[in-house]
Amino acid sequence: MPYIFPDYITNQGQPSPLLRYLWDDFGDDSIFRYDPTELIEKIENVTTRAKIALCIGIYEWIIWRYHRLTDDASPFQIAEAAWCGNIHNAYPVYFELDPDEYAGPVRDPLYNAMMSIGTVLSFTDENEDEWVDGLALLAPLAMHILPDTKPFEEWLESVTDRLLLLYPAPEDDPYEDIFNDHEEERRGLLVAREALDPSFDYHPDQAPELLDNFLRNVDHTANPFLRSPEELKESGIEHPYQVLPPESPEWRK
């Protein structure tokens, strides 16, 4: 299926093609004015999947800003792969992009956003600092490049409050799973895309059905950032591109 932006973003109308921000391809973060410290401290108290979902949600605002200014399909394919990856980290392929191909005030912000969300997906399970670094880049970037930040700020406050309510982080015992045999379970309950829609009456027990519907409509053959069903089966996913009812976490008992 072609990538579709969520309604809470598209309801803002078409973003202006005019770029009214400073940009530095050499990574001068001093041009950013938004301090993400409070946001990071707040979202520390939710599950890993909820943290990743928020990063993906912010990423979607960024790529929406440029969707009329680029013919590159990669940012949107990566968004689809990211949502699959938050269901199970075997879905997306690891990728690196050539920075020389992403220069200028449109391509370079997209490069930074894509590489950031890719790192969050690939390494957060191994290193909790990765989601922190991702959020520390994505949120200031969104605040810098969006023509009108008010809708984004209102959305961000609303969804962080919702995630804190619905997906509180459990107490972490470093000795509970020392061999990482239950990495996916430690990520927490599934988080559907609809969890980030303030107008959707969302409850966590809806997530498996919502995500199953999402996965069944993904065309992995049209997305180079997704693994094939055959590759996924080799990774231990018995039913690729489906979400089955969650099993009881017996390993915690």
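Tutor: A polar contact is a pair of N or O atoms within 3.5 Å; within protein, one must be able to donate a hydrogen and the other to accept it, and residues adjacent in sequence count only if both atoms are side-chain atoms. This is a predicted model, where local features need pLDDT of at least 70 and side-chain atom pairs pLDDT 80 or more, while totals for chains, interfaces and linings use all residues. Residues are numbered from 1 along each chain as its sequence is written, and side-chain values use heavy atoms, without hydrogens and water.

Let's start with Thr221, whose side chain makes a polar contact of 2.4 Å with that of Asp219. Thr221 sits in the loop between α9 and α10 (helices are DSSP runs of H or I, at least four residues, numbered from the N terminus). With a relative accessible area of 64%, Thr221 is exposed (over 50%; buried is under 20%, partly exposed in between, with a 1.4 Å probe and protein chains only).

Now for the charged pairs: the whole structure holds 5 salt bridges (a side-chain nitrogen of Lys or Arg within 4 Å of a carboxyl oxygen of Asp or Glu). One of them joins Arg216 to Asp212, with closest N and O atoms 2.5 Å apart. Both residues belong to helix α9, 4 residues apart, or about one turn of the helix. Asp212 counts as buried, at 15% relative accessibility.

Another salt bridge links the side chains of Arg107 and Asp72, at 3.1 Å from N to O. Arg107 is in helix α5 and Asp72 in the loop between α3 and α4, so this pair ties together parts 35 residues apart in sequence. Arg107 is partly exposed at 26% relative accessibility, whereas Asp72, at 14%, is buried.

Arg187 also forms a salt bridge, with Asp125, the closest N and O atoms being 3.1 Å apart. Here the loop between α8 (183-186) and α9 supplies Arg187, and the loop between α5 and α6 supplies Asp125, so parts 62 residues apart in sequence are tied together. Arg187 and Asp125 are both buried.

α6 is mostly covered, with 12 of its 17 residues buried, among them Trp131, Leu135, Leu138 and His144. Those buried residues pack against α2, α3, α5 and α7. Leu135 is also one of the residues in contact (heavy atoms within 4.5 Å) with Leu54, along with Leu39, Ile43 and Trp155.

Notes: Helices (H or I, at least four residues) and strands (E, at least two) are DSSP runs, numbered from the N terminus. Lists of a residue's contacts leave out its neighbours within four places in sequence.
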